[in-house]
Amino acid sequence: MPELPEVEVVRAGLAPAVTGATVLGATVLDERALTRHTGDAAGFEATLTGRVIEGAARRGKFLWLPLASLAADESREAVVAHLGMSGQLLLRTPGAATERHERVRLDIAHPVHGELAVVFADQRTFGSLAIDDLVPTPDGAAGGYGLAAASVPSQVTHIARDPLDPAFSDAAFRRALARKDSAIKRVLLDQTVISGVGNIYADESLWAARIHPETPARALTTRAVNRLLVEVRHVLEKALAEGGTSFDAQYVNVNGQAGYFAHSLNAYGRTGEPCPRCGRPIVRVSFTNRSSHFCPKCQRRA
DNA sequence: TCTTTAACCTGTTGGC
DNA sequence: TGCCAACAGGTTAAAG
């Protein structure tokens with residue numbers, strides 16, 4: 001479900017509610033939600049209880065909540081969240097009824113907003129929460145969007161910066177593509193090359209840039225790569241402004257509300273419908289165990 | 001070393 | 001109505 005715009009909507013919704021809040025208690029209802037956490041549920045709950053959350057940060061599709069240190073010499077930690085395919089982070093009132101696929105609940109107290117429940121619900125259990133150490137960024141730039149600290153959770157270090165990150169390097173991206181024989185769509189989905197882009201926005205960006213998804217990355221001209229970067233950023237920013245893409249109740253913001261970008265899709269999910277540019281029917285093909293949508297006339301193979 | 005596949009899960013939808 | 005295959009926004013270990 002959630003790609004960069006959806007995760008950013010969640011981060012932005014969470015930030016004012018959790019920044020400065022104290023964790024009163026944590027409840028793990030399903031231990032499968034801790035697959036990225038080293039340790040058991042009891043340890044997770046005990047470690048979090050009493051800690052103060054300093055904010056909400058994001059890189060690509062990863063989200064984290066840095067925790068204030070207990071002692072000056074202690075290593076910094078954060079709660080790392082990944083929503084996987086169907087994860088949600090919801091803000092609820094204290095004692096609110098258990099959500100259908102609720103996996104973890106954090107009860108918090110905010111100095112201004114009072115007590116709240118942060119609920120992690122996840123139908124398919126591909127998402128997860130974990131407590132992880134924060135490590136310095138190699139380039140000294142902010143670790144992600146939302147906080148100025150130059151650190152990231154250790155399990156996020158292999159994730160590339162996302163294209164909306166001021167420290168993202170267009171030149172490094174161009175160099176990476178020049179070394180790849182893989183199809184450009186596969187590379188766009190590779191979070192170690194560029195993060196935040198998933199199946200929906202990859203299809204949308206390639207459609208906008210008029211690039212066939214199976215074009216070998218290294219076959220793209222510099223001009224084409226630059227065009228692609230412009231369109232990736234444009235698509236992500238527009239989706240963010242519209243609150244993300246929702247096809248059903250699966251993707252929602254922290255208040256359970258859907259986004260509107262599904263109405264703005266030009267290629268994804270529009271199999272057989274006319275291309276908004278040329279009128280030719282959009283084609284759907286199976287690709288890397290998922291589907292690609294593109295216009296066979298506008299997006300010719302390089 | 002780099003690249004691709006398979007597996008992890010639950011739920012919904014559409015064809016027969 | 002029921003059954004079953006196909007499919008769904010992602011990541012990662014294992015195999016190639």
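Me: How far apart do the C-alpha centres of domain 1 and domain 2 lie?
Reply: In this predicted model, the C-alpha centres of domain 1 and domain 2 are 28 Å apart.

Me: And which residues belong to which domain?
Reply: Chain A is divided so that domain 1 covers 4-156, while domain 2 covers 170-294.

Me: How many residues of each domain are in contact with the other?
Reply: On the domain 1 side there are 18 residues in contact with domain 2, and they meet 20 residues of domain 2.

Me: What area do the two bury between them?
Reply: Domain 1 and domain 2 bury about 1500 Å² between them, and 62% of that area is on carbon and sulfur atoms. Within domain 1, the residues that lose the most area to domain 2 are P5, E6 and V9, which together make up 33% of what that side buries.

Me: How many salt bridges and polar contacts run between the domains?
Reply: The count of salt bridges between domain 1 and domain 2 is zero, whereas six residue pairs are in polar contact between domain 1 and domain 2, with both residues of each pair at pLDDT 80 or more.

Me: Which elements of domain 1 supply the side that touches domain 2?
Reply: Both α1 (4-18) and β5 (87-92) supply at least two residues each to that side of domain 1, and α1 gives the most, with eight residues. Sorted by class, the side of domain 1 that touches domain 2 has eight nonpolar, five polar and five charged residues.

Me: Changing topic, how many salt bridges does the structure hold?
Reply: The structure holds 16 salt bridges. One of them joins R76 and E54, with the closest N and O atoms 2.5 Å apart. That pair links distant parts of the chain, 22 residues apart, with R76 in the loop between β3 (62-67) and β4 (77-82) and E54 in the loop between α2 (41-48) and β2 (57-59).

Me: What about E242 and K238, how do their side chains meet?
Reply: The side chains of E242 and K238 meet in a salt bridge, at 3.3 Å from N to O. E242 is partly exposed at a relative accessible area of 22%, and K238 is partly exposed at 35% relative accessibility.

Me: And R270, buried or exposed?
Reply: R270 is buried, with a relative accessible area of 16%. The side chain of R270 meets that of E273 in a salt bridge of 3.2 Å, N to O, and E273 is partly exposed, with a relative accessible area of 35%. Elsewhere, salt bridges that share partners join E8, R11, R58 and D162 into one network.

Me: One more residue: where is L164 found?
Reply: L164 is in the loop between β9 (151-153) and α3 (170-178), and at 24% relative accessibility L164 counts as partly exposed.

Me: Which residues does L164 touch, leaving out those up to four places away in sequence?
Reply: With those left out, L164 touches L4, R233, L236 and E237.

Me: And how far is L164 from Y145?
Reply: L164 and Y145 are 19 residues apart in sequence, and their C-alpha atoms are 8.7 Å apart in space.

Notes. Residues numbered from 1 in each chain as written. Chains lettered and ligands numbered in written order. Predicted model: local features only at pLDDT ≥ 70, side-chain atom pairs only at ≥ 80, totals over all residues. Heavy atoms only, no water. Salt bridge = Lys/Arg side-chain N within 4 Å of Asp/Glu carboxyl O. Helix = DSSP H or I, 4+ residues; strand = E, 2+ residues; numbered from the N terminus. Buried < 20%, exposed > 50% of the residue type's maximum accessible area, 1.4 Å probe, protein only. Domains from an automatic or database assignment. Contact = heavy atoms within 4.5 Å. Buried area = accessible area lost by both parts, 1.4 Å probe. Polar contact = N/O pair within 3.5 Å; in protein donor to acceptor, adjacent residues only side chain to side chain. Nonpolar A, V, L, I, M, F, W, Y, C, P; charged D, E, K, R; others polar.
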